[in-house]
Amino acid sequence: MHSTSVNKNYIQCKFSSKWLNGRGLTVVESLDIPKVAVLSATAGCGRQQKGEILNILAEELNRSLSGTCAGRLLSDLGQRMFFPKGLLSQSAEATERAHKFNATVGMAYSGGQPIMLEGVRQQLPGLSPKEAVAYGPTSGVMAFRELWRKEILRKNPSMKGKACSLPVSVPGLTAGVSYLADLFIDSGDTVVVPDMFWPNYRLIIEERHCAKMEHYSFFDDKGGFNVPAMEAAIRKSAATRKRSIVILNFPNNPTGYTPSLSEAAAIQTTLLTLADSGIDLLVIMDDAYFGLQYEADNLRESMFARLAGAHERILAAKVDGSTKEDYVWGFRGGFITFAGKGLDEHQYGALVKKLMGVIRSSVSSPAAPTQYIMMKAMEHPGYLAEKEKYAALMETRYHAVKRWLATHPAPAGLRPLPFNSGYFMCFLCEGYSAEALRLRLLDEHGIGTISLQEKWLRVAFSCIEEADIDELYSTIYKAAAGMKA
Ligand SMILES: Cc1ncc(COP(=O)(O)O)c(C=O)c1O
């Protein structure tokens with residue numbers, strides 16, 4: 001009998017050498033948690049610390065993923081993650097077999113239904129008590145996950161015949177990106193992100209994970225997506241560990257730019273070439289603004305559809321959700337879907353279980369009522385037509401802004417950057433700070449915009465009625481002209 005004091009949850013461990021694995025992990029049996037793995041003196045991967053304990057369930061998942069790009073890409077935390085069987089499986093067993101009383105779950109029941117305040121019931125007349133107030137599953141409501149997968153396939157016809165995991169519900173796209181960071185980003189890693197990016201990536205990557213961002217210029221000299229700069233950044237980030245994490249966000253926040261079909265093909269070819277050269281790639285597709293493309297040659301499908309099943313060294317992770325696609329920003333409804341060439345159902349299951357460990361250990365489960373509401377909304381007969389109507393409204397505003405910019409010469413020091421999709425467009429401020437322009441617009445004209453990195457002023461035309469676009473942009477131009485003087 002061996003014992004270890006590394007973690008009080010894992011005391012009284014019984015040595016069992018048959019579980020010695022390739023990374024120098026020794027798996028032992030514990031009296032209170034059935035089996036755990038303790039890192040021996042010969043740590044194979046060189047990242048886990050000697051003495052660190054892996055739960056046997058984590059180790060089983062790691063073994064399922066061993067030899068795959070997904071397995072190699074896992075962070076230390078990702079390697080440790082697993083979905084505990086304890087409470088939830090006992091509860092599931094009771095649901096099936098406790099014919100007398102079910103006293104397992106941490107909820108309160110009356111008359112066979114979860115207790116629900118009348119004031120809550122009145123706000124949610126379309127939901128049953130179970131849908132409205134009961135805990136949902138950790139990975140999301142199964143019927144909603146299946147429906148979302150069906151929608152991904154409908155919206156991305158080139159996914160036809162390509163395998164992917166079942167989408168896992170997460171509480172919003174922010175959580176989606178953050179959970180992927182938990183699973184795959186170690187401190188000291190570099191994550192490839194263009195110079196124009198959604199600022200929350202910085203908080204997730206740099207502050208939560210002590211990793212760095214490798215930036216490249218989003219636009220090339222001709223105002224297109226800068227594929228060679230992206231390639232150089234990936235090569236640089238992969239120089240030491242032959243792995244790279246890349247975030248692609250189209251339609252993009254803040255630029256409002258979506259690559260053309262030929263640029264998308266170039267991105268795809270470049271990523272395949274990098275994978276061919278032996279680099280393991282996690283490509284995170286942040287598809288928050290999916291469906292808001294306004295120009296004929298815009299990429300209309302997710303890059304996920306181009307990368308799914310494309311290469312053994314590419315793990316594609318799609319982060320999407322109803323937040324913007326379905327105009328329910330506060331619902332906190334997002335999904336993560338994985339695709340990797342050669343991954344089988346068992347391996348997708350292992351990845352999903354690791355993700356479920358991350359969810360269970362953070363929010364426990366995403367909000368259930370909003371999932372049920374969205375599922376019913378997606379089955380509503382007017383769903384697609386209404387979405388088209390609002391996408392058309394965004395497009396009308398987009399064209400109004402384009403027309404205005406085409407007919408009004410910009411003042412010196414203010415340059416509109418290319419945009420063709422989404423909610424936003426940006427101006428480049430030259431010779432003065434974008435923050436100073438933002439404050440002038442706010443203080444002197446009562447107009448709110450966003451300044452980014454002192455250089456760019458982002459305007460969310462998605463929020464502005466078409467009739468107000470002339471006044472908004474005229475004021476921005478006048479204020480900017482004053483900045484330069
Ligand atoms: C690019 C991008 N990704 C993710 C998000 C966050 O989405 P959610 O509100 O679902 O967390 C946003 C929100 O502004 C975004 O612009």
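Trainee: Which residue is the bridge partner of Ser451 in E17?
Mentor: Leu457. This is a predicted model, in which local features need pLDDT of at least 70, side-chain atom pairs count only at pLDDT 80 or more, and totals for chains, interfaces and linings use all residues. Residues are numbered from 1 along each chain as its sequence is written.

Trainee: What makes E16 and E17 a pair?
Mentor: Two strands pair if DSSP finds at least two bridges between them. E16 and strand E17 (residues 456–460) have three bridges, in the antiparallel sense, so they meet that definition.

Trainee: Why are E14 and E16 called edge strands?
Mentor: The open sheet has the order E14-E15-E17-E16, with antiparallel pairing. Strand E14 (414–416) and strand E16 (450–452) each pair on one side only. Neighbouring strands there are turned by 30 degrees against each other on average, direction ignored; the axes are lines fitted to C-alpha atoms, for helices over the stretch in contact, and angles run from 0 to 180 degrees between N-to-C directions.

Trainee: Which strands stand at the edges of the seven-stranded sheet?
Mentor: That open sheet runs E7-E13-E12-E11-E10-E8-E9, with mixed pairing. E7 and strand E9 (212–216) have a single partner strand each, so one side of each lacks a neighbour in the sheet. Its neighbouring strands are turned by 25 degrees on average, direction ignored.

Trainee: In what sense do E10 and E11 pair?
Mentor: Strand E10 (residues 243–248) and strand E11 (residues 280–286) pair in the parallel sense over six bridges. Ile247 has Ile284 as its bridge partner in E11.

Trainee: Which strands does H10 touch?
Mentor: Helix H10 (residues 227–237) packs on the sheet and touches strand E8 (190–194), E9 and E10. Contact requires C-beta atoms, placed from the backbone, within 7 Å. The direction of H10 makes about 150 degrees with that of E9.

Trainee: How do you know whether Lys242 and Arg332 are buried or exposed?
Mentor: By counting other C-beta atoms, placed from the backbone, within 10 Å of the residue's own: 20 or more is buried, 12 or fewer exposed, and anything in between partly exposed. Lys242 has 12 such neighbours, so Lys242 counts as exposed. Arg332 has 21, so Arg332 is buried. Lys242 is in the loop between H10 and E10 and has a positive phi of about 55 degrees although not a glycine. Arg332, in the loop between H13 and strand E13 (334–340), has a positive phi near 60 degrees.

Trainee: Which prolines follow a cis peptide bond?
Mentor: Phe250 and Pro251 are joined by one, with omega about -15 degrees. Asn253 and Pro254 are joined by another, with omega about 20 degrees. Pro251 is in the loop between E10 and helix H11 (261–276), and Pro254 is in the loop between E10 and H11.

Note on methods: Helix = DSSP H or I, 4+ residues; strand = E, 2+ residues; numbered from the N terminus. Contact = placed C-beta atoms within 7 Å.
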